[in-house]
Amino acid sequence: MKTVVFSSWNGKVVDSRKATVRKKAQEELPLVKLEGASYSALMGWNGIVVNDLEADIFSLTRAYLREARKLSCGECSVCMIGIDLVLDIMERMARGEKIDDIEAIQKVVKGVPQTAKCNFGRNVLVPVGDAITYFKAEFQSIAQGKKQAKEDDYRVFVSAPCMEACPAHLDVPGYIELIKNHRFADSLDLIREKCILPGVIGRACTHPCEEACIRNNLEGPVAIRLLKRAVADYDLQTETKELPRPREEKKERIAVVGAGPAGLAAAYHLRLMGYQVTVFEALPKAGGMAAVGIPDYRLPKNILQHEVDVIERQGVEIKFNTKVEKLDVKQLEKEGFSAVFVAVGAHNGTKIGCEGEDASPYVVQGVDFLRRINLGEKVEPLEKVTIIGGGNVALDCARSCIRLGFKKVEIVYRRSRKEMPGNKEEIEEAIHEGVKITYLAAPVKIVRKGEKVTAIECVKMKLGEPDESGRRRPIAIAGSNFKIKTDMVIAATGQKPDLSFLGEKGKSSLSTGAGTIAIEETTLQTPVARIFAGGDCVSGPATLIEALDMGNRAAKAIDAYLRGQKVDVGPRLSALELSAQREATGAIRMEALRPRLLPVDERVKNYEEVEQGFTAEEAVKEAARCLRCYRIVVWK
Amino acid sequence: MVEITIDGKKVQAREGESVLEVSRRLKKDIPSLCYHEEVSPFGACRLCMVEVKEGGKWQLVTSCQQVVEKGMEVRTDSDAIREGRRLAAELLYYKYPNVPAVREIAQKLGVAVKDEAIEANECILCGLCVRACREVVGAEALTFMDRGLGRENAEPEIGFNPDKCIGCGSCAYICPTGFVQMEAVDGKRIIWDKVFHMAKCKICNRYFAPIEQLEFISRKTGVPVERLMVCTSCR
């Protein structure tokens with residue numbers, strides 16, 4: 001591990017270039033780490049880090065500026081021209097034109113952060129200022145012709161706080177900028193590169209991007225999720241943009257088991273690469289949890305249908321009502337498949353683990369309940385239903401029960417509201433719609449009368465030390481038992497994948513201790529050759545966007561495997577803290593647009609979509625709030 | 001009405017007005033290149049900088065985009081403002097040294113402007129044509145093509161869609177540098193390299209508007225094209 005020779009990262013300057021004994025300042029510095037490799041010098045939006053005294057800082061700065069100009073959008077004079085001016089001066093210095101315009105560079109580097117339009121422009125020239133300040137001698141040597149400027153190869157990394165928070169690493173500032181400039185079709189193209197279900201994600205995503213949005217420090221985050229929805233809605237309401245066709249046809253056939261988000265994403269990308277793709281789906285509909293988990297008032301059927309149709313029209317074959325009863329690689333090879341991607345999701349509800357839980361029409365699993373409603377089954381409402389659990393499945397069940405006409409709907413959750421894993425908006429709307437939530441209680445016994453249920457006995461809980469999930473462990477308070485009168489109990493405490501189709505031998509070689517499928521992280525390969533896996537069946541119940549990301553990566557990994565090549569993962573920089581910046585955002589205050597929600601009394605009578613999306617004009621207006629917080633890092 | 005303070009004086013501003021609009025109403029001298037009262041602000045030239053007090057500190061903002069808020073404190077002149085405006089002017093002059101509109105503003109803001117070589121009509125990416133075409137005309141033939149991650153264009157540019165252009169010339173009219181040129185030759189109009197056939201007025205027999213423009217107006221208003229074939233002088 002090379003010792004840091006100079007760092008200005010995050011504004012803290014450590015300069016040990018002249019020290020005879022290198023300062024071992026490793027622990028104090030917010031070091032930028034390059035996984036699996038070391039670097040001699042690095043320049044990023046937040047400063048310079050140098051590990052090697054011989055590093056050519058002039059070349060590094062020039063390489064950084066060449067990359068920076070690619071991201072300088074052109075909508076403001078100072079950033080676009082400022083970068084070009086500094087680069088021009090440096091290129092002429094390097095050509096031996098003996099100009100010493102260091103002052104001109106300093107003026108630009110000082111003034112652009114004050115006057116640029118976006119967060120990128122305000123921060124991009126900061127490290128160039130560091131270079132001029134702390135490595136001035138090097139610049140002067142080159143200007144005076146005493147030293148040659150080398151041309152060299154540098155690696156580059158571009159991200160943004162929102163991009164990094166997104167499990168699919170979608171170019172968020174990019175698609176938002178296209179909306180701002182009324183280029184909805186182009187925005188859709190960009191979104192589809194990483195997210196093939198924008199209408200679904202635009203409604204049901206947990207939006208970690210919005211939590212990371214720098215605009216949280218001002219009026220509130222940019223409505224990134226709703227902007228994606230606006231693009232998808234626009235496509236649905238106007239002329240649908242078909243998916244790009246593969247440029248060449250490959251003869252290899254790939255089998256995908258499960259047409260949920262992971263399966264659909266993999267199928268689309270593999271098809272785009274030219275492979276012949278067949279998806280086997282057990283249910284009559286595609287979409288996985290998006291189809292049979294999320295109720296219509298959150299995700300109307302036609303939205304998902306449109307996005308699946310578009311994938312089928314692109315050439316992906318989906319065989320519905322076709323459950324793969326037994327995964328037999330040899331059989332699949334005989335049928336001509338070169339590889340299999342298993343993406344069966346996690347559709348088996350886990351038991352609560354209390355007495356009286358044996359199956360009956362009145363003691364059901366949340367995921368089964370939702371699936372039945374989503375597939376059109378009629379459910380007779382009862383007087384009272386109690387739902388055990390605090391995640392989105394529990395909330396979806398509760399809000400569905402309200403609409404089905406259950407007179408009283410109560411959620412019982414063992415921790416407090418703060419720890420509830422369900423979406424915050426879902427919890428709020430459930431309460432608005434009349435769902436009662438009882439915190440810090442857990443069931444011990446379901447009181448049965450034959451098939452029927454009369455009550456559920458619970459015990460009060462208190463919160464102790466954090467467990468593996470990081471949340472405080474619930475501990476039963478002895479003797480605090482109480483009964484809740486109820487006619488039905490819905491268990492929504494967790495889901496597991498159904499791995500029975502792997503067979504006993506398959507299960508032992510493919511599954512982890514937790515009942516999920518084991519894979520290698522970068523190749524998504526299971527321990528069995530030609531079998532790849534991704535989505536909830538690998539991670540356990542997670543989010544839609546994480547499943548989409550695994551599908552995207554699976555396609556790349558399968559392609560690499562079939563061509564006998566290594567998966568290109570790209571540079572991994574860590575300890576970066578993308579939200580840190582040295583210049584103020586300087587944003588014009590703009591009111592945040594919030595989505596309109598149907599009034600509660602209108603909602604609960606039916607499954608009409610509760611949240612109304614933005615119109616195209618509203619989306620353009622909201623998109624203008626994006627600060628374009630692109631971060632570049634260049635290194636050697 | 002919204003009360004704000006500009007340069008120490010309390011002023012009544014209209015709801016939704018920009019600081020630039022209020023300031024110019026008060027006859028304050030705020031330079032700009034990419035602003036026009038008929039279209040939305042864009043903040044491209046960075047010349048209209050003023051300072052607004054935010055959290056006790058003066059912050060530079062583009063006055064064209066900053067909407068007035070009750071109690072806002074603004075100043076339109078200070079060292080920081082002059083430096084900011086001058087930097088923007090210098091950079092614009094650096095890139096477009098022979099564009100008259102740029103030379104004029106640069107000189108005014110204290111940039112040392114040399115004698116021009118040959119007058120140039122370059123595009124300074126102010127975006128006025130895009131906004132006029134979209135917001136005033138509604139044809140949507142022009143788009144601001146930003147540079148960005150994975151984008152095809154290595155330089156930012158104005159994108160032109162000939163299928164949507166009706167040849168009205170609003171872009172040429174609003175362009176501050178003369179980059180958008182409109183040629184009239186032989187009953188034809190040429191703009192953005194697209195050739196339009198001009199319609200003749202039924203009464204005076206002079207060419208007065210592109211046929212496509214009249215068809216566009218007809219589609220928008222429902223008035224049949226035949227009724228539009230009279231020039232404004234003869235109406």
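**Cysteines and the A–B interface**

C76(A) counts as buried, at 6% relative accessibility, in this predicted model.

Reader: How many disulfides does the structure hold over all chains?

Author: A disulfide needs two cysteine sulfur atoms within 2.5 Å. For C76(A), the nearest cysteine sulfur is that of C79(A), 5.2 Å away, and C76(A) is in no disulfide. C133(B) is in none either, with the sulfur of C168(B) as its nearest, at 6.4 Å. Over all chains the number of disulfides is zero.

Reader: Is C133(B) buried or exposed?

Author: Under 20% relative accessible area a residue counts as buried. C133(B) has 10%, so the class is buried.

Reader: How much area do chain B and chain A bury between them?

Author: The contact involves 36 residues of chain B and 39 residues of chain A. In chain B, L91(B), R147(B) and L149(B) lose the most area to chain A, together 22% of what that side buries. Carbon and sulfur atoms carry 54% of the buried total, which is about 3,200 Å².

Reader: Which residue of chain B meets K107(A) in a salt bridge?

Author: Between chain B and chain A the count is five salt bridges. In one of these, the N to O distance is 3.0 Å, and the side chain that meets K107(A) belongs to E90(B).

Reader: Which element of chain B gives the most to the side that touches chain A?

Author: Strand 3 (49-54), strand 4 (57-62), helix 2 (79-95) and strand 6 (142-145) of chain B each supply at least two residues of that side. With nine residues, the element that gives the most is helix 2.

Note on methods. Residues are numbered from 1 along each chain as its sequence is written. Chains are lettered from A and ligands numbered from 1 in the order in which they are written. This is a predicted model: local features need pLDDT of at least 70, side-chain atom pairs count only at pLDDT 80 or more; totals for chains, interfaces and linings use all residues. Side-chain values use heavy atoms; hydrogens and water are left out. Contact means heavy atoms within 4.5 Å. Buried area is the accessible area (1.4 Å probe) that two parts lose on being put together, summed over both. A salt bridge is a side-chain nitrogen of Lys or Arg within 4 Å of a carboxyl oxygen of Asp or Glu. Helices (H or I, at least four residues) and strands (E, at least two) are DSSP runs, numbered from the N terminus. Buried means under 20% relative accessible area, exposed over 50%, partly exposed in between (1.4 Å probe, protein chains only).
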